Amino acid sequence: MSDTHPVFPPAGFAKQVHEALKAWSADASAGATLADLRLVQMELAAGAANPRRAVNNVLLRALKTLAATHDRDADLLRMRFLDDLPARSVANRLNVAEPSVYRWQNQALDRLAGVLWQMETAAIEQRAAVLEARLEPASYLRLFGVETHQAALLEVLFSDEAPFLLAIEGGGGIGKTSLADALLRAVIRQRPDGEVAWVSARRQRLDFSGRIHSLHQPVLTVDALLEALVVQILPGAPLFTAPERAIAALRARFARQPALVVVDNLETAADVDSLLPVLRQLANPAKFLLTTRYSLYGESGVFHFRVPELNEPDALGLVRLEAEQSNLPELSRADDAELHPIYETVGGNPLALRLVVGQTHVHSLHGILADLAAARGAPVESLYDYIYKAAWSRLGELPRRALLAMPLVTERGGSLDYLAQISGLERGQLSNVLAELVTLNLVDGHGSAVTERRYTIHALTRTFLLEQVARWR
Ligand SMILES: Nc1ncnc2c1ncn2[C@@H]1O[C@H](COP(=O)(O)OP(=O)(O)OP(=O)(O)O)[C@@H](O)[C@H]1O
Ligand SMILES: [Mg+2]
């Protein structure tokens, strides 16, 4: 919290401070008012024997701070509560009437509450900064269209119950990492006493000039995962001689404090099948939020969240903000009709939308959309490569055939029967193939009953199939 904004304690806080002072000499079993304060949690973590003692330590520190500006207030409170002197004796000592002692005491309590609240706010801020330093810098200024996803996911993340493994799934550039980042930041703000960790398995990055950068970090393995977690959650712990020991130490820590761990781009890990059992061992009560391009539908007990494309208003909102940031005033002030062709060509993939705006610096909007529609030019080809190459290369002959039939499907989607007809694949076979394509987030399936189920592809996938793949083959 910045110094320029005075922070006032919530209503009733001074009363709680009063209660806590009255309990100064109570024993540990009496419970402790103010035990929820971050300051008290810190005292406990630093070795205070019980919450009562921890609260007293915090009160002592606050009294000392108060004494620096209001010496007599601090003295009065010490006499009344630490030395447990009756108001009458305090009145005698200070040579004032007894009712004055009570008035004065109330004022002193208000001041002490103010001091304590400021200490608390600073402590929370400091802790949040420590936790936020474990994240990567946020790649966005503002996220569009994520509020409802965020609210739904936060509810699951804050619940003490299963699911403990959550997967944010979707194709390249759809916004998985950004959503995980926003969630983690929200969790830190709401629960600075908890633990968070961020483990990245990312291999590549695409910049908005259309260059793919290889990230020189080792492929994520079980050992690398554990090491990353130990560094963040158990800093200063001695080296663990075996993975089991690291797992046990992390579990012990997670049992004491709520924790949320993100594993970003799980699909690029060396061996997802050996990582998942370790994640399961570490989870509960800790929660693990995974981002992955390939859905984990086969895994039991995993909560799936598939990131949808941005709708048109959000997509255009992103284009305008991006244009404003890139100093493209014409584009940022263009009306919906003028921007509509962008949505028509690109759809609601935020990465592609940002790349289009980035390219508009160099080419006209018309030119870049034409390039995109024709999969032409180095930046556009990089975009398609970045988003689709890995998934495409995993596909066998039949899934490729089914996928290549998808551009014939209308916006409403194609049924299994229709797709069987146009792809020439047998219905049963096609059903399996489509399941695989949905898992790889290349195709979206809507509706649950097999007969009513409809399959669609994103606008960008359509262009990729019609233009880029045609050239690869
Ligand atoms: N909802 C959104 N609003 C605005 N910008 C977004 C949104 N989601 C993502 N972005 C931006 O789009 C780009 C791609 O997003 P992000 O990296 O989160 O995608 P991803 O799904 O994690 O991709 P990958 O599969 O490559 O890891 C980023 O620059 C991000 O800031
Ligand atoms: Mg990502």
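Two strands pair if DSSP finds at least two bridges between them. Strands here are DSSP runs labelled E of at least two residues, helices are runs labelled H or I of at least four residues, and both are numbered from the N terminus. With that in hand, let us walk through the model together.

Residues are numbered from 1 along each chain as its sequence is written, while chains are lettered from A and ligands numbered from 1 in the order in which they are written. This is a predicted model, in which local features need pLDDT of at least 70 and side-chain atom pairs count only at pLDDT 80 or more, while totals for chains, interfaces and linings use all residues.

Five bridges join strand 1 to strand 6, and the two run parallel. One pair to look for is Ile168 with its bridge partner in strand 6, Thr291. Strand 1 is also joined to strand 7 by five bridges, again running parallel, and here Glu169 stands opposite Arg306.

Five strands make up an open sheet in the order 2-5-6-1-7, with parallel pairing. Strand 2 (195–200) and strand 7 (302–306) are the edge strands, each pairing on one side only. Leu260 stands opposite Lys287 in strand 6.

Next comes the question of who is hidden. A residue is called buried if 20 or more other C-beta atoms lie within 10 Å of its own, exposed if 12 or fewer, and partly exposed in between, with C-beta atoms placed from the backbone. Five of the five residues of strand 1 (residues 165–169) are buried, so this strand is largely enclosed by the rest of the structure. Leu165, Ala167 and Glu169 point one way from strand 1, Leu166 and Ile168 point the other way, and all are buried.

In helix 14 (residues 336–346), the buried residues are Leu339, Ile342, Tyr343 and Val346. Seen down the axis, they fall within an arc of 95° (taken from the directions from the helix axis to the C-beta atoms), so they line one face of helix 14. On the other side of helix 14, Ala337 and Glu344 are exposed. The buried residues of helix 14 pack against helix 12 (312–325), helix 15 (350–360), helix 16 (365–374) and helix 21 (459–472); two residues are in contact if their C-beta atoms, placed from the backbone, lie within 7 Å. Just after helix 14, Gly347 takes a positive phi of about 75°.

Helix 19 (residues 416–423) is worth a visit too. Its buried residues are Leu419, Ala420 and Ser423. They cover an arc of only 105° around the axis, which puts them on the same side of helix 19. They pack against helix 18 (397–405), strand 8 (414–415), helix 20 (427–439) and strand 10 (454–456). Just after helix 19, Gly424 takes a positive phi of about 75°.

Strand 8 and strand 10 lead us to another sheet. Three strands form this open sheet in the order 8-10-9, with antiparallel pairing. Strand 8 and strand 9 (444–446) stand at the edges with a single partner strand each, so one side of each is left without a neighbour in the sheet. Two bridges pair strand 8 with strand 10 in the antiparallel sense, and Gly414 stands opposite Tyr455 in strand 10.

Our last stop is ligand 1. Surrounding ligand 1 are 21 residues, the closest being Tyr140, Gly175, Thr177, Ser178 and Pro350; a residue is near a molecule or strand if its C-beta atom, placed from the backbone, lies within 6 Å of it. Helix 8 (176–190) and helix 15 are the elements that give two or more residues to this shell. The shell divides into eight nonpolar, ten polar and three charged residues. In this scheme Ala, Val, Leu, Ile, Met, Phe, Trp, Tyr, Cys and Pro count as nonpolar, Asp, Glu, Lys and Arg as charged, and the others, Gly among them, as polar.
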